[in-house]
Amino acid sequence: MVKAKSRVEKPTLADPDDDPYLWLEQIEGRRALDFVERQKSRTLQAFGGAATGRDRDTLTAIYDRPDNIPYVSRRGGYLYNLWKDADNPRGLWRRTTLKEFRKPEPRWEFLLDIDQLAAAEGEDWLLRATAWLPGSHSRTILSLSRGGGDAVTLREFDTEAKSFVRGGFLLPEAKSSVDWLDPDTLVLSSSYGDGMATTAGYARTVRLWRRGTRANQATVTFETTTDHVGVRCAVDHTAASPRMWYVDDADFFNSVVWLGDRSGPTTKLDLPSSIRIQPHRDWLAMKPRETWSPARQNYAADTVLVTSLAAFLGGNRQFDILFEPGPRRALQGFFWSAGRLVLSILDELRPLFEIATPHADGWTRQQLRGLPDIGVADVWPLDRYPSESNGDLLANIQDPLTPPSLMLIEQGVASPAVLKREPKAFAADGLVVTRHEAVSVDGKRIPYVETGPADQTGKAPVHMSGYGGFGLSMKPYYNSALGKLWLERGGTTVLANLRGGGEFGTRWHDAGRFAGKRLSHDDFAAVAADLVRRGVTRPKRIVAEGGSNGGLLIANMLTRYPERFGALFCTVPLIDMRRYTKLLAGTSWIAEYGDPDKAEDWNWLKTYSAYHAAKPGRPYPPILIATTRRDDRVHPGHARKMVAKLQAMGYEAYLYELAAGGHSYGKNNKERAGFQALGFSFLKSKIGWLDDENPTRQVSTTS
């Protein structure tokens, strides 16, 4: 509820740079941290009671179950897994064989206990990634993150000795990635060192780093200007001898690709900057984002083309077409596996997968069988590196009411065989999954998935979520937290497929970029209105949650459509669209939103810069905005400043900030569970939904 007398409403759309809360952008500033701690205490006092603690413990127990699926990736003869549970909150890095993994309780060989490492070194370590030399699996580079941030420390590890290599490769914290060229040479893409970072904070150079030398002595083989997002290099071992692909990412969706060797790039590929490529052996597969017309032949956006790499480099521009999009048929991704191209497709939002195989007289395509055509199916290679793949694939199938099953498709042709099944996290009796479409402000049909009781009362507590950005498709996955704390207790959930996503391809994404981002937000509001129109619920019983770009969405529901929601949960959000390019990785997203320093772009950015649009005297619903201090991607200042401004104007706004966790809900299972439980407690309390109120059903609270 808004207080009678509003106070500060700066910054405003009329004067966007008069910002009295810039001090909250000082992540570790004393005044800022004092504000954060006071706000966190206030939030926990209001919503962190005994019931929230019980919910946190319930979710933690689900996340820590010993029979959860241990997801694996194969390097050489071993399957590797990072396992987290109550005894190993940071993770236990381990490996086993495929034969052993098939057993109900496989034996594991332990390689590194991240909790012991963190305790011994006094660091908040988490393991983010590993990099290996294909064909040789005794040495790897570990990417260790402090508190879950994107910046990592690189350290060489010996998997046979199960220890770090004395005098081995070591790089202090930076946003870095590496690839092995040979046992004594790394290809380093890193922001570490003076002048080595772009404005976005990513690698400005690619360096050839030889064993026994320091990274700042490594030879620079490729570089870009600071206004580009960054550069990277991948070593391709699928050819007779290693070849190197140098990539200059001008922005999030445009790159220039060069083929080269250890001396640097040698051949610039004659391709549009927005095209995406996948080289493999002598094949080059590609997908243009825009219509492309080489050799007077027109290819539509999102078409998948393939040709001989040698022929392409020689000037040939004849391609085989392996996929063509339709109005509601869109490619989700493609990858090579043992000489065959696997295509991931959504057809009317139903998943299907095709495998294209080359022959002397052309290509054949066959659909992967044995996977469901409803719900969610994801397929990826079992082997981490294509040069080592025998064609084995992993598949994960699930839907909002069916826990995931991990399946093995041997050599990409065998019938899927179940390897592991996730245990049920919640009671789903009497619940159904249905698909619907709302009509947005411009008449566009917006799909959404609804999960809840078959019989509705007209006052269902509805939890909505959406994203609508960067071409990412939102799929109706099995969600243990929503299932246990919302569905099992009688609520309904809704997942919206907004413009800006990738559900219907590039055109769907582009419709929600730049000025179209506002339409993406209109889409979400249209779904909320449709739930009321269909008699599912009423506005004050609808809550919404979204993170990152989805946090921008939720902030705009507050300022643009407050009458359609009872409460909002906005997480790790982007909100200040005037200064977002000046905060951490913000400049890397200009290709999605626009540049606020350009008057033309600001004209549309200001229409969804919720930080500036917020003003007194509006019927804003209560909002909880949550972030983490170690988020080095989306600055925590977005969340801090929005709460400060809303409170200054008298609105009911709350802040929750974890000390660590990166761009996520926490660094371990317990933190993630606590983050979610707090959010649900806030949302439920603000729509008047008590735990002993079950609007449609009575079920056990255990599963």
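Here is a short tour with a few stops.

This is a predicted model, where local features need pLDDT of at least 70 and side-chain atom pairs count only at pLDDT 80 or more, while totals for chains, interfaces and linings use all residues. Residues are numbered from 1 along each chain as its sequence is written, and side-chain values use heavy atoms, with hydrogens and water left out.

**Stop 1: strand β37.** Select residues 653-658, which make up strand β37 (strands are DSSP runs of E, at least two residues, numbered from the N terminus). Six of the six residues are buried, so β37 is largely enclosed by the rest of the structure; buried means under 20% relative accessible area with a 1.4 Å probe, protein chains only. In a regular strand the side chains alternate between the two faces of the sheet. Here, Ala-653, Leu-655 and Glu-657 point one way, and Tyr-654, Tyr-656 and Leu-658 point the other.

**Stop 2: the partner strand.** Find Ile-625: opposite it in β37 stands Leu-655.

**Stop 3: Phe-524.** Which residues is Phe-524 in contact with, leaving aside neighbours within four places in sequence? Among them are Met-464, Ala-496, Leu-553 and Phe-565, where contact means heavy atoms within 4.5 Å.

Note on methods: Buried means under 20% relative accessible area, exposed over 50%, partly exposed in between (1.4 Å probe, protein chains only). Helices (H or I, at least four residues) and strands (E, at least two) are DSSP runs, numbered from the N terminus. Two strands pair if DSSP finds at least two bridges between them.
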